[in-house]
Amino acid sequence: MAFSLTHLLYLILVTLISFFCQFYFFPTHFPWLIGTALAFALLPLIEDFFYRLRIMIMLAITLLVLVSLTLVFSPYPLLSGINLAIITFFCAIKWQDHPESFGLFFIISFFVILTNIQNAHDVNLISQLSMIALGGLITILLQFIFLINFVSNEFYSLQRSLLIALKKLAHQLFSSLIDQSYMDKVYLYEHSIHNYRLLCNHLLSKLDRYIKDYEKQLKNKSIVHNLNCFYELYASLLSMSQLRNREVDKATIVLASTELNQFYFYLDQYFNQLIAKQHNNEHLDKSLQQIIAALEDVYHNVIAVAAKESFIYILFIDSLKSIKEKMREITT
Amino acid sequence: MLSRKYSYAFAITTTVLLSYCLIHFYHYSNSGWLFLTAFLVSPITRGPSLRQGLLHAILLMLTIFLANFLLLGDKFIPFSTTILAIIFICIGYFSYFARSHLTLNYYAPFLVFIVLFNAYFDPFIYKNFMNTMFDVLIGATIGIIIPQIFLLRQPYPNFRSEILPYLHTMMEIIEKMSQPKELIKPVTFEIDKFKSILSILTKESLYYPIWVYETGFNRAVRSSYRYYLINLEQLFDLLIIFQNALTKTKLDKKMIAAVAQVMQGNFILLNHLKNYFIDHQLIQYNDEQQDDIDSLDKYVNQHFPHDIDYIEFDSSLIALQQLIRALKDFRFILLKLYLGLPKNV
């Protein structure tokens with residue numbers, strides 16, 4: 001993700017204003033104002049500002065209602081316990097159902113628990129509610145000033161994240177082919193591949209959704225073409241990695257290990273260049289082309305004779321060609 | 001048997017309720033650390049609850065220890081306020097920076113901030129450090145032990161309930177793919193379909209039994225569960241490869257019929273697999289059901305060149321071979337999974 005001065009400024013202002021308001025208006029109270037402002041600022045940034053605004057207002061209202069209820073029940077331990085159990089249970093179910101909304105439900109249950117803890121001290125209902133409302137209001141106002149156009153930079157950030165994720169996935173997939181320890185630690189490698197594959201799936205789907213929702217706001221339309229290239233690059237990486245399952249005799253893969261290592265080396269550099277927005281990558285393209293040619297030689301001279309099922313290497317080389325081709329298309 | 005989701009909810013609710021009852025009768029620090037610790041340590045993310053609870057408890061205690069030095073109380077308010085503000089800005093910026101892949105696994109930094117925040121406004125922590133730590137220890141014990149009663153006592157039912165939606169999704173995708181009219185759509189449509197497969201996979205991944213991979217999971221059964229998961233993911237990879245190959249080649253009518261037949265066979269086998277996880281019925285699978293693969297092979301051998309040197313230069317032919325190979329591998333893995341299932345569960 002790219003560095004964002006706006007976001008840093010937004011966070012600094014949320015902190016400064018909430019601390020100032022808390023110490024100026026409610027110096028002797030538990031810092032509900034700071035807590036609410038900071039909790040709201042940590043919520044995931046939904047692209048659509050007005051949707052984000054609705055969610056924050058709903059969260060603020062829910063907090064006000066539940067905190068009031070908790071304070072009303074506080075003299076009666078039984079009622080208070082039931083209230084606590086219902087809220088915790090509901091929130092736990094919800095954050096299991098929607099892990100992306102974990103923050104929202106965690107904040108609700110956390111605030112209710114904090115209110116219960118504060119019962120031991122003297123608590124003023126009105127001041128507590130005003131602090132929560134003011135804390136929420138500070139964050140909402142600052143989001144309105146700083147993050148109303150949050151989505152416009154999001155395409156490039158997402159594209160960069162996707163490149164990083166694909167680079168890491170490529171690293172794991174090539175490691176599973178090249179590393180001798182793969183057979184001994186197959187679950188470790190596969191777990192890692194699973195995590196990066198999931199990340200790529202997630203980012204690809206998110207980028208696709210963004211483009212569908214905000215296509216009109218896009219100044220540079222090449223991102224739409226790039227998305228298709230990303231999909232195909234991802235599929236080609238997966239296709240290339242099938243060799244680890246198709247080849248029973250791992251010693252045959254070792255015959256091409258020098259070329260595979262070189263291919264991965266240049267592919268990694270290619271990813272680094274794209275991440276750094278360097279588009280003059282002809283030398284890398286040529287290097288990859290030369291390695292593919294060398295790999296074809298190894299195939300014709302050695303693997304075609306040595307391998308039990310030589311055809312899978314044709315498919316493998318084709319996937320490598322496809323990877324190279326997609327990298328070039330993304331560059332241009 | 002409760003589903004994993006409800007087991008989690010019960011575990012967290014019981015932990016919170018028990019600690020709530022306890023602080024009414026017994027606590028040292030007089031500031032609710034017992035209650036708060038129990039809630040923060042109880043299972044928030046997925047995975048083995050014992051290991052995760054222990055890690056969270058250690059992190060929480062280290063943070064309180066740190067807070068005791070950093071947030072030095074009334075005399076140094078400007079210093080401790082600045083430190084707290086800086087830590088918040090760092091964590092806030094981290095959550096922004098990692099927003100595209102922020103999952104529940106990133107709970108730890110937020111836990112550190114919550115503890116520091118509470119410690120900053122707790123007037124007793126630096127005066128009453130040992131008592132606070134004692135409360136934290138009791139809270140952590142509750143937060144770690146209670147979930148053990150509810151979670152992962154029987155991994156198989158959990159595994160089964162989480163694997164079934166996956167099989168169901170895969171069946172839906174294959175059912176669509178196996179219709180001949182779906183195989184002759186233009187290339188742009190194939191890319192859209194490819195996107196929709198990934199989108200479905202991303203949604204389903206929320207219920208993926210990731211705890212099977214984590215260290216600390218039952219050593220006796222983990223290798224078989226992991227083997228199963230790896231192969232299942234392999235099936236999804238093959239679907240993606242198949243769909244990608246479809247975008248690069250055009251199939252004639254007979255080829256479409258042959259591919260659709262193989263897809264139907266895969267669908268039936270997947271259905272057997274799904275039924276096994278529902279009622280543990282193993283249906284006899286005989287060699288005749290492999291006829292579809294043989295007829296696909298026969299058709300390809302008769303109508304397309306199989307000289308490797310020729311295929312190498314024709315990208316459409318290679319894409320076709322990628323497609324056929326993905327289909328065959330799919331069947332092979334399905335058979336491996338189905339025939340390897342135990343008869344008595």
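A residue counts as buried when its relative accessible area is under 20%. That cut-off is used below to describe a predicted model.

A:Cys200 has a relative accessible area of 0%, so A:Cys200 is buried. A:Cys229 also counts as buried, at 2% relative accessibility. What do these cysteines pair with? Over all chains, the search of the whole structure finds zero disulfides. A:Cys200 is in no disulfide, and the nearest cysteine sulfur, that of A:Cys229, is 15 Å away. Likewise, A:Cys229 is in no disulfide, with the sulfur of A:Cys200 as its nearest cysteine sulfur, 15 Å away.

**The fold of chain B**

Chain B holds 14 helices and zero strands. Of its 345 residues, 57% count as buried. Contacts in chain B between residues at least 6 apart in sequence can be sorted by separation: 81% of them join residues at least 24 apart.

**Where the chains meet**

How many residues does each chain give to the contact? Chain B gives 79 residues and chain A gives 88 residues. Together the two chains bury about 7,500 Å² between them, and 70% of this area is on carbon and sulfur atoms. There are 14 residue pairs in polar contact between chain B and chain A, with both residues at pLDDT 80 or more. On the chain B side, the elements that give two or more residues include helix H1 (4-25), helix H9 (187-204), helix H10 (219-246) and helix H14 (315-339). Sorted by class, the side of chain B that touches chain A has 48 nonpolar, 19 polar and 12 charged residues.

**Salt bridges**

Side chains of opposite charge can pair when their charged atoms come close. Over all chains, the structure has 14 salt bridges, and four salt bridges are counted between chain B and chain A. The table lists some of the pairs.

| Pair | N to O distance |
|---|---|
| B:Asp237 and A:Arg197 | 2.4 Å |
| A:Arg197 and B:Glu233 | 3.0 Å |
| A:Lys321 and A:Glu296 | 2.9 Å |
| A:Lys167 and A:Asp268 | 3.9 Å |

A:Arg197 forms a salt bridge with B:Glu233. This pair crosses between chains, from helix H8 (residues 186-214) of chain A to helix H10 of chain B. Are its two members buried or exposed? A:Arg197 counts as buried at 5% relative accessibility, and B:Glu233 is buried with a relative accessible area of 9%. Leaving aside neighbours within four places in sequence, B:Glu233 is in contact with A:His194, A:Arg197, B:Tyr208 and B:Tyr213. A:Arg197 also meets B:Asp237 in a salt bridge.

Within chain A, A:Lys321 forms a salt bridge with A:Glu296. A:Lys321 lies in helix H14 (residues 311-331) and A:Glu296 in helix H13 (residues 282-306), so this pair ties together parts of chain A that are 25 residues apart in sequence. A:Lys321 is partly exposed, with a relative accessible area of 29%, whereas A:Glu296 is buried, at 18%.

The side chains of A:Lys167 and A:Asp268 meet in another salt bridge. The pair links distant parts of the chain: A:Lys167 is in helix H7 (residues 154-178) and A:Asp268 is in helix H12 (residues 257-275), 101 residues apart. A:Lys167 counts as partly exposed at 21% relative accessibility, whereas A:Asp268 is buried at 19%.

A network of salt bridges links A:Arg246, A:Glu309, B:Arg325 and B:Asp329.

Terms used. Residues numbered from 1 in each chain as written. Chains lettered and ligands numbered in written order. Heavy atoms only, no water. Contact = heavy atoms within 4.5 Å. Buried area = accessible area lost by both parts, 1.4 Å probe. Polar contact = N/O pair within 3.5 Å; in protein donor to acceptor, adjacent residues only side chain to side chain. Helix = DSSP H or I, 4+ residues; strand = E, 2+ residues; numbered from the N terminus. Nonpolar A, V, L, I, M, F, W, Y, C, P; charged D, E, K, R; others polar. Disulfide = S-S within 2.5 Å. Buried < 20%, exposed > 50% of the residue type's maximum accessible area, 1.4 Å probe, protein only.
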